[in-house]
Amino acid sequence: MRREAGVEAVAAAGGEAVVLRRASGADARAGADVWLRSFAVALPTVARPRTDAEVREYFRHVLVPRHGFTAVEWSDGARNEEREPDVRYVWRPQ
């Protein structure tokens, strides 16, 4: 594994190099599409309360734990629309 500027890790997977890097805003559509396909395969009986377009829009605007967001609560999902486990983040800017 080697390190380069902007690259988290480079590793071999089945003989091919796989580059892991921090996602950017330009990756939002592709990230949302991966999530949508994964959700459909992994949880085919769980109803999503949002359309594909709404999920893609969310991915465009979501902020992750960097930028001052911190995970403060984990739940079993009893209080959310999907009834699936989730994490609540709080923004604490530096």
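Mentor: We shall go from the overall layout to one helix, then to its aromatic rings and a loop residue.

Trainee: What kind of model is this?

Mentor: It is a predicted model.

Trainee: How many helices and strands are there in the protein?

Mentor: The protein has 2 helices and 4 strands. Starting from the N terminus, their order is β-β-α-α-β-β.

Trainee: And what share of the residues counts as buried?

Mentor: The protein has 94 residues, and 15% of them count as buried.

Trainee: What about contacts that link residues at least 24 apart?

Mentor: Taking contacts between residues at least 6 apart in sequence, 23% join residues at least 24 apart.

Trainee: Let us turn to helix α1. How many residues does it have?

Mentor: Helix α1 covers residues 28-42, which is 15 residues. From first C-alpha to last, α1 reaches 21 Å, close to the 21 Å expected at 1.5 Å a residue.

Trainee: Which residues of α1 are buried?

Mentor: They are A28, A32, D33, L36 and F39. Viewed down the axis of α1, these buried residues fall within an arc of 135°, so they line one face of the helix.

Trainee: Which exposed residues does the face turned away from the buried side of α1 carry?

Mentor: That face carries R37, V41 and A42.

Trainee: And what covers the buried residues of α1?

Mentor: The cover includes α2, residues 52-61. Leaving aside neighbours within four places in sequence, F59 is in contact with A28, G31, A32 and W35. A28 and A32 are among the buried residues of α1. The C-alpha atoms of F59 and G31 are separated by 7.4 Å, although the two residues are 28 apart along the chain.

Trainee: Several of those names are aromatic. How many aromatic pairs does the structure hold?

Mentor: The structure holds 3 aromatic pairs. One of them joins W35 and F39, with ring centres 4.9 Å apart and planes at 35°, and this pair is tilted. W35 and F39 both lie in helix α1, 4 residues apart, or about one turn of the helix.

Trainee: What about the rings of Y58 and F59?

Mentor: The centres of those rings are 6.4 Å apart and their planes stand at 80°, so the Y58 and F59 pair is edge-to-face. Y58 is exposed, with a relative accessible area of 53%, while F59 is partly exposed at 24%.

Trainee: Which residues form the aromatic cluster?

Mentor: W35, F39, Y58 and F59 form one aromatic cluster.

Trainee: A change of topic, then. Where is R83?

Mentor: R83 is in the loop between β3 (69-75) and β4 (86-91).

Trainee: Is R83 buried or exposed?

Mentor: R83 is exposed, its relative accessible area being 54%.

Trainee: And which residues does R83 touch?

Mentor: Not counting residues up to four places away in sequence, R83 touches D76, G77 and A78. R83 and A47 are 36 residues apart along the chain, and their C-alpha atoms are separated by 9.6 Å.

Conventions. Residues are numbered from 1 along each chain as its sequence is written. This is a predicted model: local features need pLDDT of at least 70, side-chain atom pairs count only at pLDDT 80 or more; totals for chains, interfaces and linings use all residues. Side-chain values use heavy atoms; hydrogens and water are left out. The expected span of a helix is 1.5 Å times one less than its number of residues. Buried means under 20% relative accessible area, exposed over 50%, partly exposed in between (1.4 Å probe, protein chains only). The arc is that of the directions from the helix axis to the C-beta atoms. Contact means heavy atoms within 4.5 Å. Rings of Phe, Tyr and Trp (its six-membered ring) pair if their centres lie within 6.5 Å; planes under 30 degrees apart count as stacked, over 60 as edge-to-face and the rest as tilted.
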